[in-house]
Amino acid sequence: MKIHHFKTNESGLNRFFGPLESKIMKVLWDGPEMTIKDVQAKLGQEKAANFNTVMTVMNRLVDKKVLQKRPLGRASVYRPAQSKEQFLDTQSRELTHDLMEEFGPLVVSHMLDELEEADAELIEQLEQKIKELKKER
């Protein structure tokens, strides 16, 4: 699944989701599969959330293929289609691919500029990855 609206002026999960979508995803990534009522209760610990609003947003996340839904008795239970780590890996890969397609070497140059602030471990990982890529060619 590809999230089509990446928000550069937001941070964290809000770059991919609306505010309530982010909260719902955090609840579901932190726990087992849940009903809408379970998610509403978890969200209600911070601020009361309307059941119908939570249901609408969760079903939109199903439509976007971010959540999976299955029947359980008279209710339905929801769970993320991917782990949080898999989701972030997929989205950052898609974003990087799109940036490379559109801006090419300019993107690589700016990423390298950002390495000035990176820790030594990240730079080591990057050097290892470049060595592996060179061996494959």
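**Exercise 1. List the residues that Met-58 contacts, leaving aside its neighbours within four places in sequence.**

Solution. Contact is taken as heavy atoms within 4.5 Å. With neighbours within four places in sequence left aside, Met-58 is in contact with Ile-24, Leu-28, Ile-36, Val-39, Leu-67 and Tyr-78.

The model is a predicted one, in which local features need pLDDT of at least 70 and side-chain atom pairs count only at pLDDT 80 or more, while totals for chains, interfaces and linings use all residues. Residues are numbered from 1 along each chain as its sequence is written, and side-chain values use heavy atoms, with hydrogens and water left out.

**Exercise 2. Describe the largest nonpolar core: which residues touch the most other members, and which helix gives the largest share?**

Solution. A nonpolar core is a set of buried Ala, Val, Leu, Ile, Met, Phe, Trp, Tyr and Cys residues joined through side-chain atoms within 4.5 Å. Buried means under 20% relative accessible area, exposed over 50%, and partly exposed in between (1.4 Å probe, protein chains only).

Step 1. The largest such core has 21 residues, and those touching the most other members are Phe-17, Ile-24, Leu-28, Val-39, Met-58 and Leu-61.

Step 2. At least two residues of this core come from each of H1, H2 and H3. Helices (H or I, at least four residues) and strands (E, at least two) are DSSP runs, numbered from the N terminus.

Step 3. H1 gives the largest share, five residues.

**Exercise 3. Find how many salt bridges there are, and state which parts Lys-64 and Glu-21 tie together.**

Solution. A salt bridge is a side-chain nitrogen of Lys or Arg within 4 Å of a carboxyl oxygen of Asp or Glu.

Step 1. This rule gives four salt bridges.

Step 2. One of them joins the side chains of Lys-64 and Glu-21, at 2.7 Å from N to O. Lys-64 is in the loop between helix H3 (51-63) and strand S1 (67-72) and Glu-21 is in helix H1 (residues 19-30), so this pair links parts that are 43 residues apart in sequence. Lys-64 is partly exposed at 40% relative accessibility, whereas Glu-21 is buried at 11%.

**Exercise 4. State where Arg-70 and Glu-33 lie, and how Asp-89 and Arg-93 are placed in helix H4.**

Solution.

Step 1. Arg-70 and Glu-33 meet in a salt bridge of 2.4 Å, N to O. Because Arg-70 belongs to strand S1 and Glu-33 to the loop between H1 and helix H2 (36-44), the pair ties together parts 37 residues apart in sequence. Arg-70 is partly exposed at 37%, and Glu-33 is partly exposed at 30%.

Step 2. Asp-89 and Arg-93 also form a salt bridge, with their closest N and O atoms 2.7 Å apart. They are four residues apart in helix H4 (residues 84-103), a separation of about one helical turn. Asp-89 is partly exposed at 38%, while Arg-93 is exposed at 55%.

**Exercise 5. Is Gln-91 buried or exposed, and what does Gln-91 contact?**

Solution. Gln-91 is in helix H4. Its relative accessible area is 3%, so Gln-91 is buried. Apart from neighbours within four places in sequence, Gln-91 is in contact with Met-1, Lys-2, Ile-3 and Phe-16.
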